[in-house]
Amino acid sequence: MNRPPSDPGSGLAARDRALVWHPYTQMRTAPPPLPVVGGKGVFLYTEDGRTILDGISSWWVNIHGHSHPALNAALAEQADRLEHVMFAGCTHPPAVDLAERLVARLPRGLTRVFYSDNGSTAVEVAVKLAAQYWINMGEPRRTAFVALHHAYHGDTVGAMSVSEDSIFTRAFTPLMFPISRADAPYCYRCPLGLERATCKIDCLGDLEETLAALADTAAAVIVEPMLQGAGGMITWPAEFLAGVRRLCDRFGVLMIADEVLTGFGRTGRMFACEHANVTPDIICLSKALTAGYLPLGATVTTDAVYDTFLSSDRTRTFFHGHSFTANPLACAVAVASLDLFREHDVLARVGRLESRLRAGLSRLADLPSVGDVRVIGGVGIVELVSDRNTRKSDGYLDGIGPRLSAQFLDRGLLLRPLGNVVYFMPPYCITDDQVDWALEQIAEVLTAVTA
Ligand SMILES: Cc1ncc(COP(=O)(O)O)c(C=O)c1O
């Protein structure tokens, strides 16, 4: 058995426990952290000699594997040349190279790249751009944002504001700005009680009514296209995404696509917006942008948005920036990652991963505790319920999540269920045998839990 010690002992985990405060972690009750001292490909290596398969891509960021030789080389070469320079008034080759590559690969029409340094800041930038856009346009009444139920867009105050009202945000409600929320296409728990096989994407009606009610105060709609991540790994019919674009056009509001999770192949297309062939007005990128190596965010917009900021009046400037905006090391690794996509047909590999996940997970659908199995691109999802008829579950706070995590870790598999939602999202470089092994562990653990 690959079991971690239940007390932190005297090694890294104990030293960590003495001084460090971890994200989303109840420090009183959480087990000792996994002391990771190395990584290669899909594997992580711990101080106490365990080998763990990274089944969550280190929080959805890793795509080509840990410590990849080509990415390591790009990082080392860039560090030798220039590690960082401020980005107001300066530029550097990696930032420009990356902007050129992104614009060439993004949905057509997204042409202007604003860098920041993580997913939440990519969203903050999008929200602030949208707000100032309407001032630039001479329509200052347009300040209302619309998000979807189950949305998660990050942990900074603006990003929280446009996320679902949840345990993630509730303590900070007084700090946040009010928004409107509309139904998401959560087919397993359809907000209208319909079935996907026969519905006509009727759940779009709520967004339509919301935009109609906001009339000329609506500024933008923000969505996580095709896959709502932290809100429960909810996969979408592409028709809903197409409908969002249509409604934004009809009501004359901006569409913001938060592709922080979905970008760079995770849903099987380079960008999730491609599933419905839509171009948003603003797209947010981070996570796999640097293949999971370094923090970097990019918010990319159309000329139509960008042009409204151009003026001899300096008050029209976009007053936003970060010390590490467009960090050259991060940009150089991002460029090398895009090279890997081209050289190795990475998207074809994600396609094969998707087929394997579909085949492997479908046999779990009959387990009594399994409510729904869904797969998109390189993400396999199993939603657990305490009763299949009522579909009851305790959501994110469901105690089954941490219990399952511990059992997967015992078997050498790192997963972090979102409460009752178990998902497997490995780096794309995973081999078929490794996928099959991981799915076997998931099947055995879930079968035992069910029994
Ligand atoms: C869709 C989406 N947007 C934004 C974020 C925030 O990114 P970060 O954690 O880098 O701030 C996340 C993080 O999970 C995300 O999934």
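Is His320 buried or exposed? In this predicted model, His320 counts as buried because its relative accessibility is 18%, and the cut-off for buried is under 20%.

Setting aside neighbours within four places in sequence, its contacts are Phe114, Val125 and Lys128. With Lys128 there is also a side-chain to side-chain polar contact, at 2.9 Å.

Now for Arg314, which is likewise found in the loop between H9 and H10. What is its relative accessible area, and is Arg314 buried or exposed? The value is 69%, so Arg314 is exposed, given that exposed means over 50%.

## Around the ligand

A ligand nitrogen is 2.6 Å from a side-chain N or O atom of Asp258. On the oxygen side, a ligand oxygen lies 2.8 Å from a polar backbone atom of Gly119, and a ligand oxygen is 3.4 Å from an N or O atom in the Asn118 side chain. As for cover, the ligand on its own has 390 Å² of accessible area, and the protein covers 83% of that.

## The nonpolar cores

Over to the packing. The largest nonpolar core has 81 residues, and the members that touch the most others are Leu98, Leu102, Tyr115, Met233 and Phe264. Which helix gives the most to this core? That would be H10 (residues 328-344), which puts in 9 residues. There is also a second, separate core of 26 residues, with Leu353, Leu384, Ala443 and Leu446 among them.

Tyr115 is a handy place to start looking at the largest core. Leaving out neighbours within four places in sequence, Tyr115 is in contact with Phe87, Ala95, Leu98 and Ala99, with Leu296, Gly297 and Ala298, and with Thr325, Ala326 and Cys331. One of these partners, Leu98, is itself on the list of residues that touch the most other core members.

Notes
Residues numbered from 1 in each chain as written. Predicted model: local features only at pLDDT ≥ 70, side-chain atom pairs only at ≥ 80, totals over all residues. Heavy atoms only, no water. Core = buried A, V, L, I, M, F, W, Y, C linked by side-chain atoms within 4.5 Å. Buried < 20%, exposed > 50% of the residue type's maximum accessible area, 1.4 Å probe, protein only. Helix = DSSP H or I, 4+ residues; strand = E, 2+ residues; numbered from the N terminus. Contact = heavy atoms within 4.5 Å. Polar contact = N/O pair within 3.5 Å; in protein donor to acceptor, adjacent residues only side chain to side chain. Areas by Shrake-Rupley, 256 points an atom, 1.4 Å probe, with all protein chains shown as cover.
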